[in-house]
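Dear colleague,

Here is the structure we talked about. My notes follow below it.

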Amino acid sequence: VIVRGPLSRVPENTLKFVVGIMLTGFGVFWGAEGAGAVWPGSDAALLVIIPGIAVLSLGIAFGMRRYRDSHSPKTHPTTPVPETVLVGGPSAGAGGAATAPSQSSASVVSHAAAPADARSPRPTVGSRLSAFGAFWYDFIIGDDWQIAAGVAIAFVLTFAVASFSTAAWIVVPIAVITLVPYGVRRALR
């Protein structure tokens, strides 16, 4: 109740960015601990992990913005931008440009979008299991199976290194420093 007002003024993308940093930070910390690593400074390691992920993420965002700006088409400031004009159709005016859709065409669209039968079939056990599996696949694997595989490999390596070294905690942060830019680059293709 107290933070609702101030949080409603924060842009949605900024809020998602901060939440992503926090989730990644706690995921790195707890994932490495779950794989057997012991963090130097125990819970105080979060005070280094989260700002480190924030710096990495801000660097990637800044780099993406510069890339976008350098690869976007340049327009001369005095060159007028042409307007998009719809031509022809039942709602076209005298010049041929569309002004607004006519009522008849709007009603045709709304009727075409309506389903033929409003009743939905009753879900079966198989469809429910399929939906359950799809949820967990999307939750764990997400958009890029290679990143999920990299994270799994990092946890296995952390587990293996933890059996003979106290420096096993370093494996997951190295994986994040490698996988986050790799995933962003793959998403930009």
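Lys-16 and Glu-12 form a salt bridge, with the closest N and O atoms 3.2 Å apart. A salt bridge here is a side-chain nitrogen of Lys or Arg within 4 Å of a carboxyl oxygen of Asp or Glu. Both residues lie in helix H2, four residues apart, about one turn of the helix. Lys-16 and Glu-12 are exposed (over 50% relative accessible area; buried is under 20%, partly exposed in between; 1.4 Å probe, protein chains only).

This is a predicted model: local features need pLDDT of at least 70, side-chain atom pairs count only at pLDDT 80 or more, and totals for chains, interfaces and linings use all residues. Residues are numbered from 1 along each chain as its sequence is written, and side-chain values use heavy atoms, with hydrogens and water left out.

The whole structure has three salt bridges. Asp-144 pairs with Arg-186, closest N and O atoms 2.8 Å apart. That pair links distant parts of the chain: Asp-144 sits in the loop between helix H5 (125-140) and H6, Arg-186 in helix H7, 42 residues apart. Asp-144 counts as buried because its relative accessibility is 12%. Arg-186, at 28%, is partly exposed.

Just after H2, Gly-36 takes a positive phi of about 110°.

Best regards

Methods. Helices (H or I, at least four residues) and strands (E, at least two) are DSSP runs, numbered from the N terminus.
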